[in-house]
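Dear colleague,

Please find below the structure that I am handing over to you, with its sequence. My notes on it follow directly after.

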Amino acid sequence: MLLIHTLSEEREKQYLLEVKGLKKYFPLTRGFWRRTVGQVKAVDGVSFSIKEGETLGLVGESGCGKTTLGRCILRLIEPTAGEVWFTDREGKRVEITKMSPEELKGIRREMRMIFQDPFSSLNPRLTVMEIVGEPMQIHGMAQGKELEDRVRTLLEMVGLKAQHMRRYPYEFSGGQRQRICIARALASNPRFIIADEPVSALDVSVQAQILNLLEDLKEQLHLTYLFISHDLSVVYHVSDRVAVMYLGKLVELGDTESVYFTPKHPYTEALLSAIPRVSHKEKMHRILLKGDVPSPLRAPSGCAFHPRCRYAEAVCAQEEPVLQRVGADHYVACHFALELALRGVEADVCG
Amino acid sequence: MIKKNVAELERGKSYLQLVWRKFKKNRLGLLGGIIIVILGILALFAPFFAPHDYYRLDADKAYRPPQRIRFIDANGKFHWRPFVYDMVMDVDPETFSRIYREDARKPLYIRFFVRSWEYKILGIRSNLHLFGVDEGSIHLLGTDRLGRDLLGRILHGGRVSLTIAFLGAGITVVLGSVMGALSGYYGGFVDMLVQRAVEVLQSFPQLPLWMALTAALPRTWSSLQVFISMVIIFSLLNWPMLAREIRGKVLSLREQDFVVAVKEMGGSNARIVFRHILPNCLSHIIVVLTISIPELILMESVLSFLGLGIQPPMVSWGVLLQGAQRIEVIGLYPWVISPCVFIILAVLGFNFLGDGLRDAADPYSVRRA
């Protein structure tokens with residue numbers, strides 16, 4: 001929205017992905033005639049952009065629309081409104097939401113996704129070879145011996161052994177399965193990967209391995225990530241910039257450091273205060289939010305966060321705050337962004 | 001290079017190998033499978049197993065009871081080779097009805113791999129038979145009203161009965177899975193259409209509908225035409241059940257991440273349905289297949305028994321049972337209901353097999369601990 005207009009044309013060019021005012025409303029129908037009785041605003045006017053080679057972390061509670069946003073960008077779910085601009089391999093900017101199915105197939109090679117659940121995202125009937133080779137078959141990139149060699153390389157790249165090729169997914173652990181998913185995502189030589197909670201289904205010890213793998217691959221293959229997660233310490237670890245989402249809207253967006261150390265939105269403050277800490281030196285300043293996330297079916301008036309915000313005032317219930325710039329590359333949607341002194345995290349917390 | 005060799009050695013097991021490994025452990029399923037295979041072989045090579053031409057009429061041999069295989073003759077002497085006694089017809093002096101008496105004067109030794117009447121299997125002419133006797137005749141299951149060998153006729157009838165069931169179930173499965181997959185995957189209007197069709201077909205009382213449809217076949221049609229129409233009728237009326245089940249399965253699979261992943265990598269709908277969704281319904285399809293085959297065997301028998309199905313001279317188990325419609329016949333010549341035994345064996349066999357396959361067809365469900 002506003003954010004986009006403040007950017008100069010020149011800067012726009014280096015963005016790999018730009019999302020402008022993306023919306024996804026799910027209609028709620030009832031009765032035989034499927035009358036629409038309401039709308040679930042899963043994603044409600046989200047705008048952001050990602051530079052080439054950057055990792056943008058997207059955080060938020062369960063049900064705030066993170067996954068829907070990720071799938072809308074890839075058009076796995078058709079967005080209701082908004083634009084998604086992508087700079088393809090030749091440097092041409094293309095609008096994904098207006099693409100025909102044939103054009104979209106070409107772009108799917110460059111934009112891939114890693115799914116959350118490594119158990120349901122692999123077809124149990126196919127061997128690893130078939131799973132990892134499938135994107136290459138679909139895009140006609142390799143066949144026969146060549147395909148096999150490429151799968152072998154990919155498996156070794158993600159830390160699996162080549163002799164695992166003929167096995168079925170059920171013979172692997174969660175972490176190994178996620179590596180297979182990563183290999184599958186890399187198979188079509190993508191430039192942009194949406195990682196939808198790639199480690200939240202894994203053990204903590206395995207999480208670190210997968211995160212490091214993703215980091216290494218990013219360096220090696222010049223990838224750009226949109227990293228979706230509800231785990232703030234994970235996001236801190238991998239992201240260059242962070243976007244905080246609440247009820248389908250972005251409430252804060254900025255450099256990882258500035259968002260974590262000097263948050264400007266009360267919701268971000270509350271989220272950050274919930275990061276588990278090991279140190280007992282100081283008393284925990286944990287902010288307990290009142291109530292639950294409101295239903296996106298009946299979002300509160302004004303600022304969606306106001307019923308749970310401890311700094312809320314009358315204006316919050318009436319006017320919806322817009323995303324405004326509060327620092328170098330730091331944007332916040334809060335009426336009192338400049339007045340509030342909010343607590344961030346200490347440098348050592350996230351490690 | 002060493003690495004490559006290891007990779008070749010580590011070749012995983014194919015789907016069939018995995019299914020077989022699990023299926024082997026189910027004794028009853030294995031038994032069912034063996035019964036089916038034996039029945040199939042017996043039916044396919046019916047003339048080879050039949051000692052006499054089962055189309056030849058012989059009024060002198062009408063309603064001959066089964067001959068017993070013996071080792072000990074009338075004098076109490078033991079013979080190393082099995083033999084039968086020929087039957088001679090006699091007339092009961094009081095009732096004037098036909099009775100058969102064993103002719104104990106001369107044992108007829110059973111010979112194996114004998115050459116007698118000529119037949120043709122799969123285009124190959126032969127006169128080799130598994131067993132037979134040099135002179136006289138051997139009817140292990142007796143003869144029917146027209147003096148034809150019942151064993152041969154049952155084996156031959158199995159061809160029609162089993163073929164109808166296999167073909168009918170096969171078409172059912174193809175039709176049912178395609179309709180179910182379309183309905184579940186596309187949803188919306190297609191789904192509405194298919195589901196209403198299913199409901200209409202399922203709301204008819206089954207037996208009367210089948211009877212009406214088979215009775216509506218023109219009498220002038222040849223038995224082959226009747227046979228083909230019966231297969232079509234069976235499969236047209238049978239697919240709704242499978243379509244319903246596949247639809248449910250597809251509905252749940254459609255939302256799975258691995259299906260979304262195919263869409264995400266740019267795969268077509270056909271790829272999603274035929275490479276990812278339907279193979280995952282395979283265990284379901286196999287089970288429905290093994291359940292509907294015995295159903296069709298029974299239904300064919302019922303209709304043919306009532307004279308509505310297969311028409312003579314084509315022979316099926318149901319047609320053979322037509323000969324046992326009257327209670328007097330069963331009372332006097334109980335061996336004419338022996339086709340029943342084969343029907344029971346086939347139905348039981350398929351049910352056991354289905355049970356075993358139900359567990360084995362999904363070998364990927366085991367997760368390594």
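In this predicted model, helix H5 (residues 150–186) and helix H8 (residues 223–254) of chain B pack against each other at an angle of about 35°, and their axes are 5 Å apart. The crossing in which H5(B) passes H8(B) is right-handed. The residues of this contact comprise 19 nonpolar, 9 polar and 4 charged.

For A:Val132, the contacts beyond its neighbours within four places in sequence are A:Val151, A:Leu154, A:Leu155, A:Ile180, A:Ala183, A:Arg184 and A:Ala187.

I turn next to the interface between the chains. Here 23 residues of chain B are in contact with 29 residues of chain A. On the chain B side, two or more residues come from each of helix H1 (2–9), helix H9 (257–264) and helix H10 (269–280). The most is given by H9(B), with 6 residues. By type, this side of chain B divides into 9 nonpolar, 6 polar and 8 charged residues.

After H9(B) comes B:Gly266, which has a positive phi, near 100°.

Finally, a word on confidence. The model scores ipTM 0.85 and pTM 0.78. Chain B has a mean pLDDT of 83, with 95% of its residues at 70 or more. Within chain B, confidence is highest in helix H3 (residues 27–44), at a mean of 91, and lowest in H1(B), at 44. Over residues 1–10 of chain B, pLDDT stays under 50, and the model has 7 contacts beyond four places in sequence for this stretch. H1(B) is also one of the helices on the side of chain B that touches chain A.

With kind regards

How values were computed. Residues are numbered from 1 along each chain as its sequence is written. Chains are lettered from A and ligands numbered from 1 in the order in which they are written. This is a predicted model: local features need pLDDT of at least 70, side-chain atom pairs count only at pLDDT 80 or more; totals for chains, interfaces and linings use all residues. Two residues are in contact if their C-beta atoms, placed from the backbone, lie within 7 Å. Helices (H or I, at least four residues) and strands (E, at least two) are DSSP runs, numbered from the N terminus. Ala, Val, Leu, Ile, Met, Phe, Trp, Tyr, Cys and Pro count as nonpolar, Asp, Glu, Lys and Arg as charged, and the others, Gly among them, as polar. pLDDT is the predictor's confidence in each residue, from 0 to 100. Axes are lines fitted to C-alpha atoms, for helices over the stretch in contact, and angles run from 0 to 180 degrees between N-to-C directions. A crossing is left-handed if the near helix is turned anticlockwise from the far one by less than a right angle, and right-handed if clockwise.
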